[in-house]
Amino acid sequence: STALGMSRSRDDGEGRKIFIGGLPFSADEIIIREDFGKYGEIEDVYLPRDRESNKPRGFGFVTYRDPRDARDASDAMHGCVRRSHFVTAIPTAIPFGVSAFQWRTIELAALMGLVAPPSVC
């Protein structure tokens with residue numbers, strides 16, 4: 001759902017949005033709010049669907065009210081196995097002092113499983 005007119009853009013610019021990948025195709029907004037809501041108040045959950053088949057694409061975005069909650073969720077959930085799937089959870093905002101190229105490289109490595117998860121759940 002889109003709460004408070006939140007943009008579906010990739011980066012909220014405030015560090016409140018995280019990308020979540022490796023989701024089971026059965027994951028819906030209720031499941032995402034259940035799994036990620038324990039880290040703080042969620043403003044928006046976006047789970048894209050394939051335009052032709054309308055099937056879930058296996059990834060999404062969660063936007064928190066507070067950037068600290070997004071960071072906590074990312075730290076706690078990245079690399080976890082949830083509902084029999086390995087979850088990737090990384091912030092969409094580029095950290096201060098990191099170039100866009102460096103950040104894209106880090107994101108790609110995380111998505112490919114080449115970076116060790118920062119925490120175990």
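1. Two strands pair if DSSP finds at least two bridges between them. Strands themselves are DSSP runs of E, at least two residues long, numbered from the N terminus. Here, in this predicted model, E1 (residues 17–21) and E3 (residues 59–64) pair in the antiparallel sense over 5 bridges.

2. E1 is mostly covered: 5 of its 5 residues are buried (under 20% relative accessible area, with a 1.4 Å probe and protein chains only). Lys-17, Phe-19 and Gly-21 point one way. Ile-18 and Ile-20 point the other way.

3. Look next at Asp-50, in the loop between E2 (42–46) and E3. Asp-50 is partly exposed, because its relative accessible area is 33%, between the 20% limit for buried and the 50% limit for exposed. Leaving aside neighbours within four places in sequence, Asp-50 is in contact (heavy atoms within 4.5 Å) with Lys-55 and Arg-57.

4. One lies 2.9 Å from the backbone nitrogen of Glu-52. For the backbone nitrogen of Ser-53, the distance to a polar atom of that side chain is 2.8 Å.

5. Check confidence before you read on. The chain has a mean pLDDT (the predictor's confidence in each residue, from 0 to 100) of 76, and 60% of its residues reach 70 or more. Confidence is highest in E2, at 95, and lowest in E5 (residues 85–86), at a mean of 62. Over residues 1–10, pLDDT stays under 50.

6. Local features need pLDDT of at least 70, side-chain atom pairs count only at pLDDT 80 or more, and totals for chains, interfaces and linings use all residues. Residues are numbered from 1 along each chain as its sequence is written, and side-chain values use heavy atoms, leaving out hydrogens and water.

Definitions and conventions: Helices (H or I, at least four residues) and strands (E, at least two) are DSSP runs, numbered from the N terminus. A polar contact is a pair of N or O atoms within 3.5 Å; within protein, one must be able to donate a hydrogen and the other to accept it, and residues adjacent in sequence count only if both atoms are side-chain atoms.
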